[in-house]
Amino acid sequence: MADQKIKLTKADRFKVMWHSQFLQASWNYERMQNGGFAYSLIPALRKLYPKKEDMAEALQRHLVFFNVHPYLVSPIIGVTLALEEDKANGAKVEDEAIQGVKVGMMGPLAGVGDPVFWYTVRPIVGALGASMAIQGNILGPILFFVIWNVIRLAFMWYTQEFGYRAGSAITNDMSGGLLQKVTRGASMMGMFVLGSLIERWVNITFTPVVSRTPVQKGGYIDWNSLPAGAKGIQQALIGQSNGLSLTKFKTTTLQNNLDSLIPGLAGLLLTFLCMWLLKKKVSPIVIIIGIFIVGVVLHVLHVL
Amino acid sequence: MNAIQMVLVVLVAFLAGMEGILDQWEFHQPLVACTLIGLVTGHLDLGIILGGQLQMIALGWANIGAAVAPDAALASVASAIILVQSGQGTKGIGMATGIAMPLAVAGLFLTMIVRTISTGIVHIMDADAKKANWRRINMWQWIDVCLQGLRIAIPAALLLAIPASTVQYWLGLMPTWLSDGMSIGGAMVVAVGYAMVINMMASREVWPFFAIGFALAAIKDLTLIALGAIGLAMAVMYLALESKGGSGNSGSDNDGTGDPLGDIIDDY
C-alpha cells in the first residue's frame, strides 16, 4: 500500500472542482449537501482507493451531514483532498480528524459566503447588468454572466488549490483575523452599494399636484404667437433651452417638493418599513404581494 | 412559435431549474433566463428589458439558512413566456413583472417537493456507498439535478401548450388601471429584496457606509461602477486605518453585533 505513493494531479483536482459545482444538486432536508460532497470527491477517491472496501469506507465517510456556501466549499474540499491523499498513502489519519476539519471549517466559511457573494458581489454585478438591460442593452446580461462566472470559477479553483497545499494547517488561519476582515469589508461595501441602489432604483413617484401658479408673461412660450412651420418649432426649442416654461402655469407636484428635500426619501422609508416587517417575521412573499396591492390601490386613488 | 423554438424554451427552462438550486452559472437569474427566452423566441429586446426589471427586484433574493427566498427561476421563465405570448411588446412588461411574483411563490413549493424527494435519494446513495458503487452515486446525483430542471421545464411546457390567443384574451380582460398599478408596484417591490439584505448585513459600523452611498447616488453623473469603486475604496481604507492606528482599543467594536436601527425597529 505504501510502496508507491499515489499523488493527485492537477487534472484530478480540476475534475473535483468541476464536480463540486453540483454540490447542491441533491440538497435534502436530512443531511443537506452530503450527496453533493461525496459526488465532488469521487474523481479523487477513485484514484486514491483502488480497493473496493477502501472506496466503500471513503464514500460513507463523506455522506454525513454537510452544509456550507456552494463556493466556499472549495477550500474545504482542498483540505479534504490533502488529508485523503495522506490517508491513502498510509499515514494515520483518523476518520474523526477528517470529519473534524470539515465541520470546523463549515461554520466560519458559511458565514463568509453569504455576505460576500449573495449580498455584495451579486447585487453589484446584477445591478450593473440590470441597469443596462432595462434600456434594452444586450451588454447588460452578457456582462453579468461573464463577470460573475469568471469571479466564481477563479475563486473556486484558487481556494481549492490553497486548501490542498495548506492542508489541515488552514484550520488555524480560519479563526484568525483575515476571514473576519474580508467579511466586514464586504459588508461595508455592500451597505454602501445598497444605499445607492435604494436611491436609484426604488421608484416611487407621487403625482398629486401641490400648487399651480401662473407664470408671468414672457416667462413661458406663447404658442399662439409662434410663426408657422419649422421656424416656429425652432423658436419654441430656443425658448425652452433658455428656460422658458412650456405652459402658462407652473405646476408643482408633491414629488417635486420631496425631491428638493431628499431625493429618494420615499424609497428609503419603504425599505425601512420592509425591514421592520421582516423583523416582525412577516414573510417576504406576503410583503411583495402586499406592495403590489398597495401600488394598484394608490394608483386608482391617483396618489401614485 | 414553431416547434424548434418551443423545444429551446423548454431547454432554457430546464437549465434555469437546475441552476436555481445549484447557484453556480446563474442561468436562473432573471437577467440571464429572460434574455435567453427572448433570444430563442425571437423577442430578444423584450427578454432583456424584462430581465433587467426582474433582476432589480430579485437582487436581494438568496437562500440563507431557514429564510427561503422567492424562486427567481420560475418567475423569470414563466413571465417571459407569458410576455412573448401576449404580443403586447414593451407595454406588457409591467404586467409581466406583476405576474412573476405569484409565480415566484409557486416555484418555492415545487422546490420543496424536489428536496423532499432528494431526502429519499440520499438513502439510496447510502446503500450504494456500502457497495462502493460510485457510478450509481454519480447517476443519482444527476437524476436529482434533472428533477430540479424538470421543476421549471414542465411548467414552461404547460404554459407553451396554452395557445397565444387564449393568453391574449385573458390578458385583454385586464383593465389598464390594474396593469399600470402593477407596474408601479413593481418599481416599489424592489425595496423588499434590499431590506432582506440589509437585515442580514447591518451592524453598527456599516450604517455610515449606507448613508454615504444613499447621499452620493443622488449625483446622477456617478455610474454604478464609479459608486462601486468609491464603496470599495472606503472599505479598504477603513480596514487599513483601523489596523494601523488602532493601538488603543482596536477590535473592541467587534464585540457588539449591535445594529442600532435594528434595535429601534425591534423595540417598536
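**Close-up views of cavities, interface and loops**

The structure, a predicted model, holds two cavities of 30 Å³ or more.

**View 1. The largest cavity is lined by residues of chain A and chain B.** The volume of the largest cavity is about 40 Å³. Chain A contributes A:I124, A:A127, A:V193 and A:S196 to the lining, and chain B contributes B:L224, B:L227 and B:G228. Three helices each supply at least two residues of this lining: α5 (95-133) and α8 (177-201) of chain A, and α10 (224-245) of chain B. With three residues, α10(B) gives the most to the lining of the largest cavity. By class, the lining of the largest cavity has five nonpolar residues, two polar ones and no charged ones.

**View 2. The second largest cavity is lined by residues of chain B.** This cavity holds about 40 Å³ of space. Its lining consists of B:P30, B:L54, B:I57, B:A58, B:W61, B:A72, B:A75, B:S76 and B:M101. Two or more lining residues come from each of α3 (44-58) and α4 (72-86) of chain B. Eight residues of the lining of the second largest cavity are nonpolar, one is polar and none is charged.

**View 3. Chain A and chain B bury about 9700 Å² between them.** Carbon and sulfur atoms give 74% of the area buried between the two chains. A:Y119, A:M191 and A:F192 supply 9% of the area that chain A buries against chain B, more than any other three residues. In terms of contacts, 103 residues of chain A meet 112 residues of chain B.

View 4. The side of chain A that touches chain B has 61 nonpolar, 29 polar and 13 charged residues.

**View 5. Salt bridges link chain A and chain B.** Side chains of opposite charge can pair when their charged atoms come close. Over all chains the structure holds 17 salt bridges, and the count between chain A and chain B is six. One salt bridge is formed by A:R184 and B:E242, whose closest N and O atoms are 2.8 Å apart. A:R31 forms a salt bridge with B:D126, and here the closest N and O atoms are 2.8 Å apart. A:R31 lies in the loop between α1 and α2 of chain A, whereas B:D126 lies in helix α5 (residues 93-130) of chain B, so this pair joins two chains.

**View 6. A:M32 has a positive phi, and B:D23 has a positive phi.** A:M32 is not a glycine, yet its phi is about 55°. The loop between α1 and α2 of chain A holds A:M32, and A:R31 also lies in the loop between α1 and α2 of chain A. In chain B, the phi of B:D23 is about 60°, although B:D23 is not a glycine. B:D23 is found in the loop between α1 (3-22) and α2 (30-41) of chain B.

Note on methods: Residues numbered from 1 in each chain as written. Chains lettered and ligands numbered in written order. Predicted model: local features only at pLDDT ≥ 70, side-chain atom pairs only at ≥ 80, totals over all residues. Heavy atoms only, no water. 1 Å grid on protein atoms, 1.4 Å probe; cavity = no way out; pocket = protein on both sides within 12 Å on 5 of 7 lines; lining within 4 Å. Points joined across faces, edges and corners; volume = space filled by probe spheres on them. Helix = DSSP H or I, 4+ residues; strand = E, 2+ residues; numbered from the N terminus. Nonpolar A, V, L, I, M, F, W, Y, C, P; charged D, E, K, R; others polar. Contact = heavy atoms within 4.5 Å. Buried area = accessible area lost by both parts, 1.4 Å probe. Salt bridge = Lys/Arg side-chain N within 4 Å of Asp/Glu carboxyl O.
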